[in-house]
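User: Can you walk me through this model? I'm new to reading structures.

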Amino acid sequence: MEKFELSNKFDNFASPEALVEPPLEESAANINASPMVQLADRILLKALDSKASDIHIEPQETELRVRLRLDGVLQNAFEPLPAKVIPALTSRFKIMADLDIAERRIAQDGRIRRNYKGRTVDFRLNVLPSRFGEKLVLRLLDSGTTQLGLEQLISDPLVLAELREIGRRPYGILLVTGPTGSGKSTTLYGLLAERNHTELNISTVEDPIEYTLPGITQTQVNREKGFDFAQALRAFMRQDPDVLLVGETRDLETAKTALEAALTGHLVLTTLHCNDAPSAVARLSEMGVETFLLSAALVGVLSQRLLRRLCSHCCEVHQPEEIELARLGLKASEGSSINFKRAPKTNTCNQCNGLGYRGRIGVFELMRINDELSAAIGKGASSNELRGLALANGMKTLLGSGISLAKQGLTSLDEVERVLLTDSGLQQEVRQRQVSNATCKGCNAGLQDEWLDCPYCLTTR
């Protein structure tokens, strides 16, 4: 491999070094700093030490409330602060994010970058005018704590193997769906990390860029200049791409451009907001995407959620009541043979700060597109029809995946019910069990609903 020798003269063209701020843990303890500077740094430090995902700074009529989102649930971080600190603290965060401190009538977005324990941490800041002042929400983007390996994100070996197989496809589009904060971006980054090789040209367009990936071209949209997802995708097509990541598909133009890229020999990964995997097709159809494009380009849909993981130091064995099992579609006889676990009601555990949960674990629903599903999409099949075909093809529902984690003692039935239990989700799970019970596990013979045992090999259903 040829190596270029550069003279020292090129050093004159280097960008000037940016001002380096002291580490956050040092500035928060600096007694010589002004009170508002120290308070702002203490809030950021508390969030990082607690491994929070978001900070909510909320002005009230008589106080200022600061809450942290820990493992998906908001918790009070400090005692309420006096309302008189609202203007000064808001201005401090705006200055850190390089925002206009005089503008209090419209929402603003910014970014704060600080050093913490030897690594760089970003905070994405949104400022929103409210009745008693401006509410601040900061999203923590700490790439140092993010695990991008898919095996660390997905505990189900079957879903992991199928997702990796889809990620190795030379072309097609993979949709990852779920609400905000459900780990969609982390899953896509994990897929990109596995495909990040010298022989592939990988490009991403994001809003904003959450984590830096070495060896990958990452682009951020700039709507003020007219540079949106669709325009970035069209530019990528002239950059000789192999794999493309689109941060979010939210309009018809972006969706059609992404599908056309998938049909011309590129693998496209993108996210979409919808409730489950089968409804992603209906969501794109509502945008105006033609079904023939979807049937030809779509290779898979992954829907995901995050459940709180039980603290292994304080969780206790729990035998749920029959009515609790029935709400999740479980029989009492099925639950009596399993040692479910839950968080204790009175808890002084130091490992989880008395919450009963520590960390989170993902639940996934992967709909692989086979020939039958592709044909149904092309004919404009409904979400229920696609769901039935996917279940018959072996898809495991979100609720079913959550119940499996509860049976393993990794989370509680209360957490499964809080995040995953909906009427449609329960119907999907019941339907999935009916489909799985329609074939004998011993001899693969077809079974009728009223048969308790297989008449051919006497295997119990």
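Analyst: We'll go through a few strands, a helix and some loop residues.
This is a predicted model, where local features need pLDDT of at least 70, side-chain atom pairs count only at pLDDT 80 or more, and totals for chains, interfaces and linings use all residues. Residues are numbered from 1 along each chain as its sequence is written, and side-chain values use heavy atoms, with hydrogens and water left out.

User: OK. How many residues of strand 8 are buried?
Analyst: Six of six, in residues 172-177. Buried means under 20% relative accessible area, exposed over 50%, and partly exposed in between (1.4 Å probe, protein chains only). Strands (E, at least two residues) and helices (H or I, at least four) are DSSP runs, numbered from the N terminus.

User: Which way do they point?
Analyst: Gly172, Leu174 and Val176 point one way, while Ile173, Leu175 and Thr177 point the other.

User: Which strands does strand 8 pair with?
Analyst: Strand 12 (residues 267-272) pairs with it in the parallel sense, over six bridges. Strand 13 (residues 298-310) also runs parallel to strand 8, joined by five bridges. Two strands pair if DSSP finds at least two bridges between them.

User: What sits opposite Val176?
Analyst: Thr271 in strand 12. Leu175 has Val301 in strand 13 as its bridge partner.

User: New topic. Which residues of helix 7 are buried?
Analyst: In helix 7 (residues 229-236), they are Phe229, Ala230, Ala232, Leu233 and Phe236. Down the helix axis these fall within an arc of 160°, so they line one face. The arc is that of the directions from the axis to the C-beta atoms.

User: What covers them?
Analyst: The cover includes strand 9 (202-206), strand 10 (217-220), strand 11 (243-246) and helix 8 (252-263). Contact means heavy atoms within 4.5 Å.

User: Thr219 is in strand 10. Is it buried or exposed?
Analyst: Thr219 is buried, at 18% relative accessibility. Among the residues Thr219 touches are Thr204, Ile209 and Phe236, leaving out those up to four places away in sequence.

User: What about phi at Lys51?
Analyst: Phi of Lys51 is near 60°, a positive value in a residue other than glycine. Most residues other than glycine have a negative phi. Lys51 lies in the loop between helix 2 (35-49) and strand 1 (54-59), and counts as exposed at 66%.

User: And Asp240? Where is it found?
Analyst: Asp240 is in the loop between helix 7 and strand 11. Its phi is positive too, about 55°. Asp240 is exposed, with a relative accessible area of 63%.
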